[in-house]
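Notebook open. Today I'm going through side-chain contacts, rings and charges both.

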Amino acid sequence: MSEALLRDSAGFFVYCDRAAQAQRAIRVFYCCPSSSVRGAPIVIAMHGMDRAAAEFRDVMALQSARNGQIVLVPEFDTHQFPDFHAYNFGGVRLPPPSNTVLPREQWNFGIPDRLFAHVRDAIGSNRRSFGLFGNSAGAQYVLRYLALTEAPAVDAAVAANCGLYMLPDLTVEYPIGMGGLDLDDGHLRTYLGRRLAILLGDADNDPSDPNLPQMDYAMAQGPHRLARGLWHFQHCRQLADSLGVHFGWRLEIVHGAGHVGQQIYDQGADILKGQS
């Protein structure tokens, strides 16, 4: 891979993630501005459970081009990441009935950091941080990644239209909460202080959506994604107040946008442009 390759407006390359115990070959779909990419802000975008990485790149392309951003969409395919435990829950625990917590170095949450470093070095970028965007299951990934890792290279993040929120609670076992992973109050305080935008479409309010998580602990958060997002933001703001920590999150609602509205992708790109 080279800067010359990324001068193509859109394409994909294969990233070999060698840091994991099991080496993975991950297709990364990208779009980039027509001008020099060396100084361009870099956004890593996380797709949903449909695994439609190329399509996700395409809906991000126009606004990110206007903003001069490089967008990278790693494809978490069903062969290597077969279910939500392996993808958006981070591969932190084996699925039931095992529930074994895996070593931290095997979690898939390290992939965005390693991918960013790989691309930055390959194109000679002067960027030291990147923006992170996710919609639906990709938003779940973003939130869990921010909560469970140091995320040292992320300057800002957007989580859009999440259907299920991990509770910021160290007494509730992961993946419902943050418990059982050797985390402490410091991790929780850092998470609540992140530069994070919760982005919601006000038309993402269908309680009968067949893709809406229906588990009891999901239904306790609200009847649909809009309600769950509003509840979670308020819950986390109150928690930050009770802990006496700065709450770094913001809430943005896109009027008329549904679960996969183009307005969501455009707004996400604009938020990251403003914070990069």
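Predicted model: local features only at pLDDT ≥ 70, side-chain atom pairs only at ≥ 80, totals over all residues.

I looked up Tyr-141 and found it buried, with a relative accessible area of 0%.

I checked how the two rings sit: the centres of Tyr-87 and Tyr-141 are 5.7 Å apart and the planes are at 25°, so I logged the pair as stacked. The pair links distant parts of the chain, with Tyr-87 in the loop between strand 4 and helix 3 and Tyr-141 in helix 4 (residues 137–148), 54 residues apart.

Which other rings belong to the cluster with Tyr-87 and Tyr-141? I get Phe-76, Phe-81, Phe-109 and Tyr-145, linked in by ring pairs.

I then ran the count of aromatic pairs, and it comes to 17. One of them is Phe-56 with Phe-133: centres 6.0 Å apart, planes at 15°, so this pair is stacked. Phe-56 is in helix 2 (residues 53–67) and Phe-133 in strand 5 (residues 130–135), 77 residues apart. I have both Phe-56 and Phe-133 down as buried.

Next, charges over rings. The charged end of Arg-144 sits over the ring of Phe-89, 4.1 Å from its centre. I found the charged end of Arg-27 over the ring of Phe-12, 5.5 Å from the centre.

Arg-27 turned up again when I went through the salt bridges: its side chain meets that of Glu-75 at 2.9 Å, N to O. Arg-27 lies in strand 2 (residues 24–31) and Glu-75 in the loop between strand 4 (70–74) and helix 3, 48 residues apart. Buried or exposed? Glu-75 is buried, with a relative accessible area of 12%, while Arg-27 counts as partly exposed at 35%.

The whole structure gives me eight salt bridges. Among them is Asp-17 with Arg-114, at 2.6 Å, N to O. Asp-17 is in strand 1 (residues 10–17) and Arg-114 in helix 3 (residues 111–123), so the pair ties together parts 97 residues apart in sequence. Asp-17 counts as buried at 0% relative accessibility, and Arg-114 is partly exposed at 23%.

I also noted Arg-57 with Asp-58, a salt bridge at 2.6 Å, N to O. Arg-57 counts as buried, at 10% relative accessibility, whereas Asp-58 is partly exposed with 44%.

Last entry: salt bridges that share partners join Asp-204, Asp-209 and Arg-225 into one network.

Methods. Residues numbered from 1 in each chain as written. Heavy atoms only, no water. Salt bridge = Lys/Arg side-chain N within 4 Å of Asp/Glu carboxyl O. Helix = DSSP H or I, 4+ residues; strand = E, 2+ residues; numbered from the N terminus. Buried < 20%, exposed > 50% of the residue type's maximum accessible area, 1.4 Å probe, protein only. Phe/Tyr/Trp six-rings, centres within 6.5 Å; stacked < 30°, edge-to-face > 60°. Lys NZ or Arg CZ within 6 Å of the ring centre and 35° of its normal.
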